[in-house]
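Here's a quick briefing to read with the model open beside you. Take it topic by topic and find each spot as you go.

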Amino acid sequence: MNNQMTEALILLLAGFLVVFCVLILLIIVVTIYSRIIFSVQNSAKKKKEVLKEEVSSDDPTPASTQTAYIPRTDDDEIPGEIIAVIAAAVDSIYGEKPHKLRAVKKSRSSRSAWARAGLAENTRPF
Amino acid sequence: MEILNQLWQIIYHLFNESGLTKLSWENYVMIGISFVLMYLAIKKQFEPLLLLPIAFGMCLVNLFPGIMGLPATEMLTKAEMLSKNLDPASYPTTVVDGVTYYNHTEYGGLFYYLYQGVKLGIYPPLIFLGIGCMTDFGPLIANPKSFILGAAAQVGIFLTFITATAIGIFQPAEAGSIAIIGGADGPTAIFVTTKLAPHLLGPIAVAAYSYMALVPIIQPPIMRLLTTKKERSVVMGQLRPVSKLERILFPIIVVVIVALLLPDAAPLVGMLMLGNLFKESGVVERINKTAQNELMNIITIFLGVTVGATATGKVFLTIQTAGIIGLGLFAFCLATACGVMFGKLMYLFTKGKVNPLIGSAGVSAVPMAARISQKVGQQENPGNFLLMHAMGPNVAGVIGSAVAAGVLLSVVTPM
């Protein structure tokens with residue numbers, strides 16, 4: 001009995017140690033490779049942006065017309081205030097990066113019936 | 001008169017061969033239990049996909065034990081063969097002491113053959129393949145710290161192991177099989193039990209799946225008891241988007257690390273990650289759909305009915321089974337509590353950025369445990385959406401319980 005308990009105690013400690021070590025190792029590896037991928041993809045994006053900027057600098061359009069950009073809307077009934085609010089909301093999320101609101105479209109069946117049913121299934125209260 | 005006598009003989013023979021004379025009271029009790037489980041599955045919808053086949057398998061084996069009967073070969077003399085209307089020419093022979101015997105094989109019951117998939121440890125990894133195809137590891141990749149909560153919930157397994165050993169009625173292999181119930185992962189519990197203590201498979205599988213079905217009842221009181229209103233109200237920040245490359249690399253990296261360090265966990269983790277790679281790669285859509293639908297459904301039927309069929313009256317109605325049911329509940333509660341306590345630690349270390357409720361999702365039970373975190377969190381703050389944050393620890397729990405299973409399999413000596 002004593003032997004069994006000693007073995008059980010050893011297993012308890014070994015179990016804690018191994019499970020935590022393996023999962024901590026996974027945390028480290030996942031964090032590292034995520035950062036590597038993020039930085040690689042980010043640098044690729046930056047290169048594209050630089051390329052775009054270079055192309056746009058060759059564009060003869062005056063700068064003033066570029067900054068006074070008005071987003072395209074599906075119909076003319078969306079009031080300017082609403083567009084301003086949408087633009088502010090977009091800015092609150094993507095504010096840190098250079099961005100431009102090109103169009104405002106009404107959402108028409110953005111999710112299929114199956115996708116909506118799936119969403120409802122996953123978030124419905126018990 | 002002769003005709004009436006023969007008719008009576010046939011009816012008497014049929015009655016003698018029927019279950020009415022052959023079944024014991026234990027069989028009838030088990031049939032009653034199976035009816036209760038069927039009620040829970042159909043009316044209450046507690047994990048019906050598993051509980052219903054388990055309950056029906058349990059009912060069937062107690063009505064007709066021969067359905068799990070082992071194949072047997074008996075050696076008959078020529079006279080015995082002829083008396084049974086069997087043609088001796090079509091049977092292989094064995095000569096013993098100059099007497100020729102004919103080997104007459106009686107095949108096993110249907111469930112005996114289906115059960116080989118459980119006994120040989122084939123079904124649980126295939127179930128994991130399907131789970132892998134259905135699992136989104138995105139929340140875990142976006143927040144890898146969730147792995148800690150998945151590990152924390154496994155503490156319950158090892159604490160139950162030592163408790164079961166200390167009680168004294170279970171051998172270490174049996175204690176390990178009982179403790180894995182705390183992982184709240186049916187296939188893992190079956191996989192470990194078939195390797196360590198196969199004679200306990202019936203009670204352990206029934207206990208594991210029953211507690212998984214009862215997650216909405218068992219977990220919330222523990223979660224409320226261990227957390228304050230302030231902690232439960234924490235709104236967590238949005239998770240970062242995860243790129244496709246990260247999603248594809250994740251299963252490959254995890255399987256390499258886990259299989260190298262814990263080869264015993266390789267069948268489970270390997271199949272889980274293979275399924276996930278099918279899903280994330282996007283190039284084998286047909287296989288992905290088959291694995292998560294048809295294959296998964298077929299295996300679920302076979303696994304469910306045969307696991308239920310191991311719960312015969314004589315095996316199930318024992319003090320040992322009562323101990324397994326009690327210790328299984330203990331393991332499950334402990335795993336939930338450990339997850340929540342680690343969630344509280346993360347709450348402290350992150351200065352209130354982590355809601356401790358997501359810790360309880362560290363027990364596997366995907367996605368039910370994550371839903372419970374969402375539900376309890378929304379009871380405090382209706383605008384709080386914890387579901388995706390809880391999915392991280394939830395899927396980490398699947399990997400964690402497979403790793404814990406690997407530890408038990410590599411350290412504990414099977415019976």
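**A sheet in chain B**

Let's start with one pair of residues: Val96(B) has Val99(B) as its bridge partner in β3(B). Keep in mind that this is a predicted model.

**How the strands line up**

- The sheet is an open one with 3 strands, ordered β1-β3-β2 (chain B), and the pairing is antiparallel.
- Which strands stand at the edges? They are β1 (72-76) and β2 (93-96) of chain B; each has a single partner strand, so each has one side without a neighbour in the sheet.
- Going from one strand to the next, the twist averages 35°.
- β2(B) and β3 (residues 99-106) of chain B run antiparallel and are joined by 4 bridges.
- Besides the pair we started with, Thr93(B) sits opposite Tyr102(B) in β3(B).
- The hairpin made by β2(B) and β3(B) has 2 residues between its strands, and Asp97(B) there takes a positive phi near 50°.
- How many bridges join β1(B) to β3(B)? There are 5, and these two strands run antiparallel as well.
- Across that pairing, Glu74(B) stands opposite His104(B) in β3(B), while Met75(B) has Asn103(B) in β3(B) as its bridge partner.
- Is β1(B) tucked away or in the open? Of its 5 residues, the number buried is 0, so β1(B) lies largely in the open.

**Chain B as a whole**

- Zooming out, chain B has 22 helices and 3 strands.
- Its C-alpha atoms fill a box of roughly 90 × 40 × 40 Å along the principal axes.
- Chain B has 415 residues, and 52% of them count as buried.
- Take the contacts in chain B between residues at least 6 apart in sequence: 76% of these join residues at least 24 apart.
- Chain B splits into domain 1 (2-69), domain 2 (72-106) and domain 3 (120-411).
- The centres of domain 1 of chain B and domain 2 of chain B, taken over C-alpha atoms, are 33 Å apart.

**The nonpolar core**

- A bit of background first: in soluble globular proteins, nonpolar side chains tend to be buried together.
- In this model, the largest nonpolar core has 143 residues.
- Which members touch the most other members? They are Leu51(B), Ala179(B), Ile181(B), Ile204(B), Val269(B), Val403(B) and Ala405(B).
- Helix α22 (residues 387-411) of chain B supplies the largest share of this core, with 14 residues.
- Now look around Leu51(B): setting aside neighbours within four places in sequence, it is in contact with Leu37(B), Leu40(B), Ala41(B), Phe46(B), Tyr209(B) and Ala213(B).

- Head for the loop between α20 (319-349) and α21 (368-380) of chain B, where you'll find Pro367(B).
- Val366(B) and Pro367(B) are joined by a cis peptide bond, with omega about -10°.
- Ala365(B) is in this loop too, and although it isn't a glycine, its phi is positive, about 30°.
- Lys351(B) also has its place in the loop between α20 and α21 of chain B, and it's another non-glycine with a positive phi, this time about 55°.
- Is Ala365(B) buried or exposed? Ala365(B) counts as buried because it has 32 C-beta neighbours inside 10 Å, and 20 or more is the cut-off for that.
- Lys351(B), on the other hand, has 7 C-beta neighbours inside 10 Å, so it counts as exposed; the limit there is 12 or fewer.

- Chain A has 4 helices and 2 strands.
- From the N terminus on, the order of its elements is α-α-β-α-β-α.
- Of the 126 residues of chain A, 7% count as buried.
- Where the chains touch, 30 residues of chain A are in contact with 36 residues of chain B.
- On the chain A side, the elements giving two or more residues are α1 (2-57) and α4 (113-123) of chain A.
- The biggest giver on that side is α1(A), with 25 residues.
- What is the chain A side made of, by class? It has 22 nonpolar, 7 polar and 1 charged residues.

Technical notes. Residues numbered from 1 in each chain as written. Chains lettered and ligands numbered in written order. Predicted model: local features only at pLDDT ≥ 70, side-chain atom pairs only at ≥ 80, totals over all residues. Contact = placed C-beta atoms within 7 Å. Nonpolar A, V, L, I, M, F, W, Y, C, P; charged D, E, K, R; others polar. Domains from an automatic or database assignment. Pairing = 2+ DSSP bridges. Axes fitted to C-alpha atoms, helices over the stretch in contact; angles between N-to-C directions. Core = buried A, V, L, I, M, F, W, Y, C linked by C-beta atoms within 7 Å.
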